[in-house]
Amino acid sequence: MAFIDLQKDLPGIRGPMAFRPETAKPLNELAEVLLHDDNNTLSRGEREMIGAYVSSQNDCFYCQNVHGALAQHYFQCDIPFIDAIKKDYQSAPISDKLKALLAIAGSVQKGGKYVTPEQVEHARTFGATDREIHDTVLIAAAFCMFNRYVDGLNTRAPQDRQLYVDRAKIRAEEGYADLNVYK
Amino acid sequence: MPYIPLEEHLPGITGLLEYRKDSAQPIRELTQILLRGQSTFTEGERELIATVVSSGNNCTFCTTAHTAAADLLIGNTETAKKVKEDINTAPVSGKMKALLTIASMVRESGKSVTPEAIQKAKDEGATDVEIHDTVLIAALFCLYNRYVDGLATALPDDSGYFNVLANRLVRHGYTRLPQGYDHLKKEKI
């Protein structure tokens, strides 16, 4: 049971977004510009993976499955592949640059001050640009907000992980900007 | 030294919001709605939530900025100071104590918020919208604090900076100044 009467029985972040549409609009616009907008040298899959990884570190079931499913859709892989990245990205078959960015994201999840100059330098040696480092930090910080919003109000998360996979394709096509929380 | 090149006359969050304006826009809008929009909270109360979270996250820039804004809005420096030291003995209402406690839990993790803390806030008269906004303001400042410190942004050289910033936050709010921020370069000697 959510901590407040969200009035409609919608899962995850869609509950509080329907409850307070005024704040939902900029929240969705932020997700759109960070995760879906193609004006970015990080792929959509990489950005969704950063979100999914931070959400898993924050133990937010709803967000890590929504965004893990999006990453899975873009990477054209299966659930175990995403789970392996979340569990131990260093051993996963992903680029060294993405590993270095996930390390930065993992530090941001603990607290901004955990990011070290060495981590940033390490990401640069694998070709990460200023803008990519910026976006990694902001995506990680944004998920520290989204995860807290979802869990801090004790929203409901469907436990069947396939449901999230089934919804990923339409979200990838439509993006977040005009997200209809009732659909 | 910030990890990415930011304009020197724009310390803390201010340089980041100018570095990438398209991601800044929804963050600014969300903040404006939550901290300055129509609400049963006073603007000072909402700045106290921002202050408590930023202080708990040890984010010097955000804590100093929102303490200064709270001081200006509340009309004293004691309230914000005491709230940062100990919510339970601070000179705020029972309802605000309960909501600031929820904000502190959200700061730790969304999962740290307890049904008891929510019930306490409701018993003190907090509405569902007030609880919602408390959680979202606290979550938003977890974003801000990580953004500011995660990129190692600079603190201002001049301690008077925060008074100027607080005045802007009180008089203008959180939307981008129409003229931008180049005029601040001239003020720096």
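Predicted model: local features only at pLDDT ≥ 70, side-chain atom pairs only at ≥ 80, totals over all residues.
Helix axes here are lines fitted to C-alpha atoms over the stretch in contact, and the angle between two of them is taken between their N-to-C directions, on a scale from 0 to 180 degrees. The axes of α4(A), residues 61-75, and α5(A), residues 79-88, come within 9 Å and cross at roughly 115°. That crossing is right-handed.

Now look at who does the touching in that pair. From α4(A) come A:Gln64, A:Gly68, A:Ala71 and A:Gln72, and they meet A:Ile79, A:Ile82 and A:Lys86 from α5(A). Sorted by class, this contact has three nonpolar residues, three polar ones and one charged one.

Step back to chain A as a whole. You'll find nine helices and zero strands, so the chain is as compact as a globular protein of its length: its radius of gyration is 16 Å, close to the 16 Å that the globule rule gives for 183 residues. As for burial, 50% of the 183 residues in chain A are buried. Among contacts in chain A with a separation of 6 or more, 71% are between residues 24 or more positions apart.

Next, bring in the partner chain. How many residues of chain B are in contact with chain A? The count is 40, and they are in contact with 40 residues of chain A. On the chain B side, α2 (21-36), α7 (115-123) and α8 (128-150) each supply at least two residues. The largest share of that side comes from α8(B), with 16 residues. By class, the side of chain B that touches chain A divides into 25 nonpolar, eight polar and seven charged residues.

Finally, turn to the nonpolar core. The largest one has 113 residues, and the members that touch the most other members are A:Ile104 and B:Ile102. Take B:Ile102 and follow its contacts, leaving aside residues up to four places away in sequence. Those contacts are B:Val113, B:Ala117, B:Ile118, B:Ala121, B:Ile131, B:Thr134 and B:Val135.

Methods:
Residues numbered from 1 in each chain as written. Chains lettered and ligands numbered in written order. Helix = DSSP H or I, 4+ residues; strand = E, 2+ residues; numbered from the N terminus. Rg over C-alpha atoms; globule rule 2.2 N^0.38 Å. Buried ≥ 20, exposed ≤ 12 C-beta atoms within 10 Å, placed from the backbone. Contact = placed C-beta atoms within 7 Å. Nonpolar A, V, L, I, M, F, W, Y, C, P; charged D, E, K, R; others polar. Core = buried A, V, L, I, M, F, W, Y, C linked by C-beta atoms within 7 Å. Left-handed = near helix turned anticlockwise from the far one by under 90°.
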